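Please find below a short note on the model under review.

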Amino acid sequence: FKGDYTYFSATIDIDGESARNIGIRKKGFIGSQSTEKPGFRINLDEYVEDTKLFCTDNITLNNAVQDPALIRQCLSYKVFRDAGIAAPRCNFARVSMNGDDLGIYVNVEPVKKKFLREHFSDDDGDLYEGTVTDFATSWLSTFDPKTDETDPSLEALLYLAADLESETEDLETVLRRHFDFDQLLTFLSAEVWTGHWDGYGGNQNNFFVYRDPDSNKLSFIPWGVDGTMDPWQIDGEEGWFPTSGYITKRILKDDTLAGLWYDRIGALRGTAWDTAALLAEVDRI
């Protein structure tokens, strides 16, 4: 999706340390736009090379307009991390701009090269952001390459889509060829537990995929989890389950793979989804 917001020059102060001539712009897609409390993308070295504060040059401040509790994002990212999934760190920031107190924001670690270095073999692989998209040939144009090294031709994703659509091989063989298969099942299971309805499985939205150049396999990275843990998802007897993603639909039609997915969901009960630990984290926050 083109038409990013415009960067402006600003001075920033964080806990007594400051930097001048940094870049700031609004962030967000349809569900998170606000004129009262906009989300912000801050690029400290947008204009002056190597500008950093607290060892970082990128800051993402989410306005959490879909999260009246303000804490769902940090709780959900914790579930993904505790499941062994590469997921952003998360805390909070009190934000003011030009003297106006804008309130509490959720400070989410950006999925950038520093993030990739900490979680994968190196940071030179292909990183794509998925926004209202899926692994089908007709959808691929809405994947967004996110690093200078990322292949803009989407070759890895085109290869995956072609294999999925050909149906000349069984689904498990195709998924194991292209994905870290264990990571795939765990990621989808964490989406279930957190109720990430606006993620890949639920809405074909808000996710990254990274092709690790060492293994040549794709891994999911969660993003945009402010809509998680919503009470409406447990109002009915059947609860909520992600059935929109092309891959999730295909898995659910395969008895063997569906069984593996259900087993993985069960395995996260009491581990990544630990009720006592999550309630303790609510109290800490």
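1. I begin with the hairpin formed by strand 5 and strand 6, in which two residues lie between the strands. Asn98 adopts a positive phi there, near 50°. The model is a predicted one, and the values in this note should be read accordingly.

2. Ser96 has Asp101 of strand 6 as its bridge partner.

3. Strand 6 (residues 100-108) also pairs with strand 4 (residues 58-62), again in the antiparallel sense, through three bridges. Within strand 6, Asn107 is the residue that stands opposite Leu61.

4. How many disulfides does a search of the whole structure find? The search returns one. This disulfide links Cys74 and Cys90, with an S to S distance of 2.1 Å. Because Cys74 belongs to helix 1 (residues 72-82) and Cys90 to strand 5, the pair ties together parts that lie 16 residues apart in sequence.

5. As to its geometry, the disulfide of Cys74 and Cys90 is left-handed, because the torsion about the S-S bond is about -75°. Both partners are classed as buried, a term that requires under 20% relative accessible area: Cys74 has a relative accessible area of 5%, and Cys90 is at 18%.

6. Cys55 is exposed, its relative accessible area being 64%.

7. A further element to examine is an open sheet of four strands, with antiparallel pairing and the strand order 8-7-9-10. Its edges are strand 8 (143-145) and strand 10 (217-222); each has a single partner strand, so one side of each is left without a neighbour in the sheet. From one strand to the next, the twist averages 30°.

8. Asp212 has Lys217, in strand 10, as its bridge partner.

How values were computed: Residues numbered from 1 in each chain as written. Predicted model: local features only at pLDDT ≥ 70, side-chain atom pairs only at ≥ 80, totals over all residues. Heavy atoms only, no water. Pairing = 2+ DSSP bridges. Disulfide = S-S within 2.5 Å. Buried < 20%, exposed > 50% of the residue type's maximum accessible area, 1.4 Å probe, protein only. Axes fitted to C-alpha atoms, helices over the stretch in contact; angles between N-to-C directions.
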